[in-house]
Amino acid sequence: MIITNPHHSTCIRWASLLPVLAVMLACMWATPAAADFRLCNNTSSRVGIALGYKDADGWTTEGWWNVSSRACETLLRGTLVARYYYIYAIDYDRGGEWSGQAFMCSRDKEFTIKGTENCLARGFDRTGFFEVDTGEQRAWTVQLTETNEQPPKLPGLPGPGPGGPPPGAPGAGFPALPNNPGNAPAGPAPAPPAKQ
């Protein structure tokens, strides 16, 4: 009489799957973590977003991303190539904007514009963007909030100053950006600082 162990065949099946599982786990660990530039709209309104950045080809502004209330959107995919990015946002539902002193080109309709000089002469609007310092991180998320809201404290992101709205909130004052004479345009519009 031959006695078989029912657990023996199950063990053999699992043992034959171990190399496959090991390869699958190795592939999952080899996948790089997401490194994107994102924006989260923590307001009760829909907002329109324009983005300015400098890459190997020079300054570019792009828009518009429409971000629903309490939603996030990836504006740039992949590892960040610069330290400083620039945002301009419009509150579609209640009016108002998030703006700053870094003047770049934009327009009312969807756009991708190369260069920040002579916006008006080239048929574009001259718009004040606010600066986002990513601290040379590989990924970054901007949190848009309403004036009376405090953004959630996230590691690596500064919180609001005492008694003032957080950076990027409507009504928040943004300091004038330093003007780097080596990058100043020929026209009246100052160029964003040349920071990488």
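Two strands count as paired when DSSP finds at least two bridges between them. That cut-off matters for the first view of this predicted model, where E5 and strand E6 (residues 97-98) are joined by two bridges.

**Figure 1. Strand E5 and its hairpin with E6.** The two bridges between E5 and E6 join strands that run antiparallel. One spot to look at is Ala89, which sits opposite Trp98 in E6. E5 and E6 make a hairpin, with five residues between the two strands. Check out Gly95 in the turn: its phi is positive, at about 80°.

**Figure 2. E5 with E2 and E9.** Here's E5 again, now with two other partners. Strand E2 (residues 47-55) pairs with E5 in the antiparallel sense, over seven bridges. Within that pairing, Ala50 has Tyr88 of E5 as its bridge partner. Strand E9 (residues 125-133) is also antiparallel to E5, and four bridges join them. For a landmark on this side, find Tyr85, whose bridge partner in E9 is Val132. How many of the eight residues of strand E5 are buried? Seven of them are, so E5 (residues 84-91) is largely enclosed by the rest of the structure.

**Figure 3. Asp93 and Arg46, a salt bridge between two loops.** The model has four salt bridges in total, and this close-up shows one of them: the side chains of Asp93 and Arg46 meet, with 2.9 Å from N to O. The two residues come from distant parts of the chain, 47 residues apart. Asp93 belongs to the loop between E5 and E6, while Arg46 belongs to the loop between strand E1 (37-41) and E2. Neither end is tucked away under the 20% cut-off for buried: Asp93 has 42% relative accessibility and counts as partly exposed, and Arg46 is partly exposed too, at 44%.

**Figure 4. Arg94 in a salt-bridge network.** Asp91, Arg94 and Glu146 are linked in a network of salt bridges. Arg94 bridges to Asp91, with the closest N and O atoms 3.8 Å apart. The side chain of Arg94 also meets that of Glu146, at 2.9 Å from N to O. Arg94 comes from the loop between E5 and E6, and Glu146 from the segment after strand E10 (140-144), so this pair ties together parts that are 52 residues apart in sequence. Is Arg94 buried or exposed? With a relative accessible area of 52%, Arg94 is exposed.

**Figure 5. The open sheet E4-E1-E10.** Three strands line up in this order to form an open sheet, and their pairing is mixed. Strand E4 (71-76) and E10 are the edge strands, each with a single partner strand, so one side of each has no neighbour in the sheet. From one strand to the next, the twist averages 25°. E1 and E10 run parallel to each other and pair over five bridges. Along that pairing, look for Cys40, which stands opposite Gln143 in E10.

Figure 6. Cys40 is buried, with a relative accessible area of 6%, whereas Cys72 is partly exposed, at 36%.

**Figure 7. Cys105 and Cys119, a left-handed disulfide.** The structure holds two disulfides, and this view shows the one between Cys105 and Cys119, with sulfur atoms 2.0 Å apart. At -90° about the S-S bond, the link is left-handed. Cys105 lies in strand E7 (residues 102-106) and Cys119 in the loop between strand E8 (111-114) and E9, with 14 residues from one to the other. Both Cys105 and Cys119 are buried. Counting bonded cysteines along the chain, the disulfides follow the pattern 1-2, 3-4.

Terms used:
Residues numbered from 1 in each chain as written. Predicted model: local features only at pLDDT ≥ 70, side-chain atom pairs only at ≥ 80, totals over all residues. Heavy atoms only, no water. Buried < 20%, exposed > 50% of the residue type's maximum accessible area, 1.4 Å probe, protein only. Axes fitted to C-alpha atoms, helices over the stretch in contact; angles between N-to-C directions. Disulfide = S-S within 2.5 Å.
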